[in-house]
Structure formats: structure tokens, C-alpha cells
Amino acid sequence: MKRYVNINDNGQEDLYCDNRISNTKYTILNFLPKNLWEQFSRFMNQYFLLIACLQLWSLITPVNPASTWGPLIFIFAVSATKEAWDDYNRYLSDKQANDKEVWVVKQGIKKQIQAQDIHVGNIVWLRENDEVPCDLVLIGTSDPQGICYVETAALDGETDMKTRVIPSACMGLDPELLHKIKGAIECPNPDKDIRRFEANLRLFPPFIDNDLCPLTINNTLLQSCYLRNTEWACGVAVYTGNETKLGMSRGIPEPKLTAVDAMIDKLTGAIFLFQIVVVIVLGIAGDVWKDTEAQKQWYVLYPKEGPWYELLVIPLRFELLCSIMIPISIKVSLDLMKSLYAKFIDWDEEMYDHDTNTPSHATNTAISEDLGQVEYILTDKTGTLTENRMIFRRCCINGTFYGNESGDALKDMELLDAIGSKRPDVIRFLTVMAVCNTVIPLKSKKGTISYKAQSQDEDALVHAAAHLHMVLFNKNGNILEVNFNASILQYEILDTLEFTSDRKRMSVIVRDCQNRDIILLTKGADEAVLPNASSGQQIRTHVEAVEQYAQLGLRTLCLAWRELNEDEYREWSLMFKEANSTLVDREWKLAEVCQRLEHDLEILGVTAIEDRLQDGVPETIETLRKAGINFWMLTGDKQDTAIQIALSCNFISPEPKGQLLLIDGKTEDEVSKSLERVIRTMSITPSEPKDVAFVVDGWALEIALKHHQKDFTKLAMLSRTAICCRVTPSQKAQLVELLKSREYRTLAIGDGGNDVRMIQQADIGVGISGREGLQAARAADYSIGSVSGSSLFNSVSLMAYNVFYTSIPVLVSVLDKDLSERTVMEHPQILFYCQAGRLLNPSTFAGWFGRSLFHALIVFLISINVYADEKNENEELSMVALSGCIWLQAFVVAMETNSFTILQHLAIWGNLAAFYVINCIVSALPSAGMYTIMFRLCRQPSYWISMFLIVAAGMGPVLSLKYFRYTYRSSAINKLQQAERLGGPIVSLGNVEPQMKSIDKDVALLPMSQSNNRNTAYEPLPSDSPTSSRRFLGSATPFDFLQTTQLRLSSTYSRNFKDN
């Protein structure tokens, strides 16, 4: 879709929006419903609302509704107030921008209006230091060559000034005629790409005879930029309001959900489901009791017939009673703690960068707790691990190395002598350094020259050339002036072939104003320049220089040039102009045209620039690695340089302790074989553990992510360290997303605009306010001035085990009966076992505790030994161990159950089946962190053998002990149970009457609270301890007191029992 903008035409004001900026989230009318909807989108808040609403029903509520409604309203009011305050501040910021006074031309008259009243097609006039109010196509400047300078820090975070130029169709127009200019601009519909603008301009007569003029991003002034070092400039508004490139990319970012928040939501849901189960069971039991027993009790006063909703009363009462499981205060407490944690970061003096006077700042106050759970750190190299302060160190010119001995080529006497003698190869080398760039020289009132460069590499090269007497001192339109040893050299810039991440080089075509020769000057990465060398030139020395410098951790650039003849340039220029004017695939067509010229180059040499490490980086990384944090370096630099930086930063250990595995290839088959080789190597356990890392370049990474994502993901899980070279911003974000998909907590850190996508994608984003600008810091959750210094089961499995798998069998155990009512009624003294604490005391607890330790040891040893060869598959190992626990639990509960019902069978064996059903469902979800785990395990015979071994080894000794005690050391309860099962009379339990004195003494010493502290609903029924029997019954046979002829207890015992 295209947009047609008529210049200086007021008739299209209704076609496009005005320039009113609106970044607010709410309006006065929709604030309350929209805010409430957002707050109640979280399950926890929905739960609190449900409980609060139920408490309004006086028939079921056991507490005052104000106890819930008060805190609930307060919490929501605080959250709403914070949202309203943030939105109000956005409104004030918008109002300040909308009310700003600007100069525009309307109907040929220059007038001052508010910025919000600008419309598409208006001509806007700017003065020096003015902020650009909307997206403009530049048509005039105070500079005779049509150049102006802009600062784009507010747009892209880059602090260096950039050059903008008026279209060729507007060159030479009288500034007075700009009020009356007429024409049309054909441009794309609004988008958020701040680096691309592909349009065409056509001016109407009498200004020009309908010639089509291509427009690029260099012909635009984008909203929020500032006009610098230019008296005035004017442009045509093409995008206004929220349709500007900045407006299209604006927006309130979605909040990041921390691990704690996610877990709290899951736990809230789990506890709620648990409550539902409790409510259903107890509600049914209560309703049954009400319909049966309650009707018999005169004091209950239940009516014989009640309303239709009477069945809901008891269950809902239980729900309200259980609601305390999720305290409403948890939300307030968490928010307060998070804010306090964030403030601790702001107040941390150790994180203050004194060089730039930049404190650390927590932009996102909601994710502080995730900082302690980071598993992977993905970091940029330049400006993050290094200082991004480029220093020219060495160079190789025509096969001669300079600076190798002193470490500083600028002080190499051999190079200085070559310059003094004006060696042609050295002069050409310095010329490319000084001219092939986009640097702007600025002269102060004192006559000193300073440079404004778009990259630190260009700044370092131009400063080095100036130090070597090739001084770029003036740039007047298309004319560059260079001072070389007091001689003024002038070059006319004919065309600039801009750098792109695909081409990895830039070129300028200049005409030597002295001899009128046309020269192509090129600089770029070695892989982009050396292959285009002329066929007769030997480049081995240059290749060796690149490798040598890269091994020293230096950044390298290759410089080249080629002389062009007039006909060749004229023919190429027409193709370049045609490609530059197309609106479809302009960047690709330009790259193709550029390739037609950038060949048969004469390689002049190689430059080596040092980017020093940040202070404390090696020590910091070493400490974090000891803490179990994995590091990935994602850089656009070349492989050898990245490896050397990684070694110096303690990313990896040098040989023989460390090992680097390379993934390379240009085709799908080559990358596939390389991946298989690296994975096979990493899967082998060496005799001596090594610090293994893999290295991959952008080309192989693109193929791996596209065609072999499964294998690459497996590799990522095997490796603690990765070095990814020549990667693009989108690839950085893809790698972060890959790790996040495996449920790893990621932290991304960078300092440039190319790191923004990675920072925004990560769970935690850290931006450095560095020399590459502020864009990364603005997009991050945390910003700093500079860089300074597990459980087998995952938390979800632990939560499910504690809440689901262990609670339901225990809950249903309330239906278990060790003896029938008839037997208990016939032998009521059997209750002495409960009163005396025979079923739950230190002895029986020790037995249960010992059994649990034994089972834990069995599960651990069998799981580890059977899966010893799967050391890197922690998820599989944890699932095997968890499965063993579930199987053992089922058999333990079954063994300790005395009377089975359908509900108990469902609770025990249904719980076991539900474990597999639930985990199969979870294993089918790629984002759950257990993707395909259960499916893989169930297909493995070793898994089922492990379960059999765990059950056999865990239950065998327990069953043997139980059989021995049941047969040879039977308790009174055991004997009564045998009699019930056999259906015969109760056999004699002994002839010795218990000693009443001993009973009196022991019972009298029982604490008053003992009987009240026992909860039979949760008491297990293990074999009884003989020690506890002797404790209460003295030396007599512990079961004789059950004989019908001897069931006489003294009045002392009865009195003490009642007292207790």
C-alpha cells in the first residue's frame, strides 16, 4: 500500500490524522472498566473477588465481609491509582509535545501553530536545536549544499550526529520559493522501521519538469530528532501523530511475568482446586450427616424442608473456611518487597559508574526476584565485555607489518618514515582511512578539529589518519578536504555505497579534484573484501595479518581501492540511480548493483583496532560461572576475535582444560554433519572433565535454526558456554527465545541499538549506558553505567507432588477403618491405644521417618544407576525419580489401608493413573519445560524396569518386616483385625491383668494437651512399637487387659482419663 502526499496542499487534512500524539492507555470514560478488567485477568484476583462475593451471603459467611472487602478494595485502589498516575504523566508528556509552537507554511504564508495542528502535506520550518515534531521529507536547509545535521539519540539511542541531505530535485532552489513549492511524494504506508524509507518525489512545474527523484532515509527528519549545527531546515510532513515511525514503534510494553509470579498463579490455582476437592468431600459428608443424623438431634433444629439452594450451604461454608489458604495479604507483601528490592538496586553505590556519573536504575520493579534465578546470561561483546573505546594499534600495508614490536603503529618509526617519503601504497592506505567514512569534521573557534562519527571504528581510523598527518579537516557538501603534510587534497564524493549487515562493507566513489580521476574506496570485513581482490594480487599476507590480529583480540578491517573510468562509472551510476528509486526490494537491488562495482579491488592492507575489556569483567564472569550460571556471547564480530575475547574474559578455559567445538558450513548438509559431530563429542564423558564450548557463525546459525532446530536445541542443553559470531539482532533474539522455550531463566545484556530485541526478549534485560548510545538502556529492565562484577525436581513437579499426588490419598484416608464399629463397641478399651499415643508418638514417627529415608535412598540409587549414561537429561532423571516416588506412595498407602472402598481405590490407583495422564498432557506442551519427556520414558524398557526395581526394593523389606511383626509380634489391634477377617470369635489375648498402678502413674503424667493435639484423620497405622507398649502397661503382657474377664479399670484411671 502506498500513500500520496500533495506538498503544500490543505485539501488532504481529512485523509490522514493530525499530529496529536497520544501515548495514554486510558480515557476518563474507560479507565474504571478497563483497569478492573486488567486486574481481574489474573486468577489470584478472581479468586479474591469470588471469596469476597460469597461472604456477602450472610447465610454462609463465618466472618464479617469487611475483612475481605476492605483489603481487596484497598489493593485494587492502590494498583488503579498507580496506573492512573503513570497514565497521567504520559498525558502531561503528550500535552507538552502537542502544545509546542512550530512554524509551518499554509497557503503560502508562514505562521506559528501548535505542533498538534500539523497535517500531512504541510511544510514545517525548523531552527537550530529545534525538535522535529513529525516525520518530514527534507526539502531545504541553510547549507548551500543542502546538508543538515541531526541528533537521533531520542530515536535510536545513538549519540553521534548524523548527516541528512535534501533530494537532488530540490538542489539549488531559492529559499524564498520554498513557500510556494508544489509537488507530490509517493511513499509507503506508515511503519516503524526507522532505518528505511523508500519513496519518490516529483516536483511540479515551474520548479522542475516532473522528474522522478528517489528518496531514502537520508532525506528525512524523523520525529523526536534535534536539528544541530544548522541554522534552519524545512521539510514536508509525510507521517504525523501516532503514524510517525516513532509513534508506530511506541507502546506500553507488556509486563514480564517472573518465575515467582508464574508459580504463585499456579499455586493459587492448585490450592483452589485442592479447596474444591475438600469442599466437595466435606460438603457431601455434611449434607449426608444433616439429612440423617442431624434430624435426630433435637438441638440442631434443622427444618424438615428447606429452600432449593440448601445443598450449597455447607459446601460454600467450607469454601470460605478454607479460603485462608490463600491470604489476600500476599499480593501487597510481594509488591512491596519487589519495589524495595528495586530500590536497593538504585541505591547500590557499588553499581555506580563514576566515569560517566551514571547510577544503576531498575526500570522494571516487578522482576527483581528473578535476578537470583538466572540460569543463562547472553551478552554482547563490544561495549559490554569491552569498553567500546577503539584505539588504532597495528596495521599491515602491502605486506609490511607495523606496530608489532611496540604495540602501537602510530609510534612505529618505520611507518613514520614511509609517510615522510610519501610511499604511494602508504598514502593510498591513509587516504582510505581518512575519506572512506561518514565522519563529520567540526572546527572550533580555536581552530581545533573534532569529529562526529556514527561508529567508534570510523572515529578511531580518522583519528589515526590525522595522527599520521592525513587530516580530514573540512566537509563542504560533496567536497572533502584533507591536509597531508601541509598539502590540501580535495575529493568530490560522487556516491556512497552504505554499509549493511549483509554486505559487511562500505564504499565511496570520489573524484580527485587535482587529476579528475574517479576512485572507488572500500573498507569492510575480511570475508567481504578479500574475496573481491583482483585475480593477480597475492592476498596471503593479508589473510595472515587478519588471523594474527584476531588472535590478539583486535578488531580488523580490510582497506582496498580501484580506479574507475568515466564510461564504467557513468553506466553503473544509471543502474544505481534506478535501483535507488525503486519502492520494491530497494535494499536487495542496491546490494546487487553495488556488487557490480566492488570487484577487482587492489587490497591495500589491514587495520587492527583494540577494544579493551571493561574493568573487572574476567573476575565477574569467573564468579558467576562458579555459581552455576551459563554464558553465551552473541556478537557481530569475527570468529577469531570473539574467541580471544572469550578466553581473556574467562568464558572458557585455555587448552588443555578447555575445548572449543566449531559448527560451520554453508549448506544444510554441511551444517547438519557439523552439528552431529559436535553433539556426539559433547555427549562423550572424558576421563578428565573439560570446559567444552561450541562456536558458531551467523551463516551456520541461520541454517541450524531454520532446518535443524531440534539438534541445535539439544546442543544448547549440553553446553554451558557458546560463542555466536557474525549474528544479526534478530538471531540474538531467536537464541534468547530458544533458551526460554526450555524454561530457562535468561538475562540479556548489551549497550547498542542492535541489542534491543535481545534485551526485550529475555526474562531480564540489562542495558548499559555506553558509547553506542542509550537505546539499550531505555529498552532494558535494568540499566547500569558499566559492567562489574539446584534441585533435581523442577518446582512445578514438587508443587504437584505436595498438593495433588500426596494430598488426595491422605484426604480419602478419613474413610479408612482399622476396626469395625461392632468390634470397637464390644471392646471399647481398645481406644486406649489412641489415648495413650500408641499410633503417633516419637517411636512410630521414627519408624515412618526411617522408612522415608530408606525409600528416598532406593529411588535415588536406582534412578541414578539406571540412567547414569543420561547425565545431561536432568528432566528425564527427575521424572524417573518422581515416578518412583509415586509408585512407592501408592503401594505404601495400599499397604497401610485397612478397609478398602471405591473412593479409596480411586484415590490410590486413580492417583497413579492421573500422574501419567497429567504428565503426558504437560509433555505435549512445548513451553512447559518437560516437552516429550513422558512420551520418551514410557517407550523405554529401562523406565519400567526401574519402576519394578524401585517397588520391589522399596516394598520388599517393609512387607517382610510387617509380616514378621503381624505374625510374631501382633498387637491387640492386629489380633482383632485377624478375628474380623476370619469371621470367628476373638481368641484369648492373655491372662495377665495390666497393673493399675503403672497405668495410673503413666496416664497421670500425660500432658493435658496431648489428646487434643492428636488428629486421627492424618495418623498412619504402622506396626506398633513394643517400647511404647511397655511404657504404658509396665511389665505385664500388653494385651491381657482386653480379656472380658479382666476389663476392669480402676477409678483412678477413669478419673485421669476424663481429666485429659
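Tutor: A residue is called buried if its relative accessible area is under 20%, exposed if that area is over 50%, and partly exposed in between (1.4 Å probe, protein chains only). Helices (H or I, at least four residues) and strands (E, at least two) are DSSP runs, numbered from the N terminus. The model is predicted, so to speak of a local feature requires a pLDDT of at least 70 and to count a side-chain atom pair a pLDDT of 80 or more, while totals for chains, interfaces and linings use all residues. Residues are numbered from 1 along each chain as its sequence is written, and side-chain values use heavy atoms, with hydrogens and water left out.

The part to examine is helix H10, which comprises residues 424–435. From its first C-alpha to its last, H10 spans 16 Å over 12 residues, close to the expected 16 Å at 1.5 Å a residue; the expected span is 1.5 Å times one less than the number of residues. This helix is mostly covered, since 10 of its 12 residues are buried. Among them are Asp425, Val426, Ile427, Phe429 and Leu430; Met433, Ala434 and Val435 are also included.

A salt bridge is a side-chain nitrogen of Lys or Arg within 4 Å of a carboxyl oxygen of Asp or Glu. Glu602 belongs to strand E26 and Arg428 to H10, so this pair ties together parts that are 174 residues apart in sequence. Glu602 itself is partly exposed, at 31% relative accessible area.

Strand E26 has a further link of this kind. Glu610 forms a salt bridge with Arg393, and their closest N and O atoms are 2.6 Å apart. Because Glu610 lies in E26 (residues 602–613) and Arg393 in strand E16 (residues 386–397), the bridge connects parts 217 residues apart in sequence. Glu610 is partly exposed, with a relative accessible area of 21%.

Arg570 is partly exposed at 46%, whereas Asp567 is exposed at 55%. Both residues take part in a network of salt bridges that also links Arg511 and Glu566. The whole structure contains 23 salt bridges.

Cys170 is buried, at 2% relative accessibility.

Strands of a sheet pair through backbone hydrogen bonds, either parallel or antiparallel. Two strands count as paired if DSSP finds at least two bridges between them. Here 4 strands form an open antiparallel sheet in the order E1-E8-E9-E10. Strand E1 (2–7) and strand E10 (212–215) each have a single partner strand, so one side of each is left without a neighbour in the sheet. E1 is joined to E8 (residues 183–188) by 6 bridges; Lys2 has Pro188 as its bridge partner, and Ile7 stands opposite Gly183. E1 has a covered face, formed by Arg3, Val5 and Ile7, and an uncovered face, formed by Lys2, Tyr4 and Asn6.

Finally, two loop residues deserve attention. Most residues other than glycine have a negative phi. Ala486, in the loop between strands E21 (479–484) and E22 (487–497), has a positive phi near 75 degrees and is exposed at 69%. Arg516, in the loop between strands E23 (505–512) and E24 (518–524), has a positive phi of about 65 degrees and is partly exposed at 46%.
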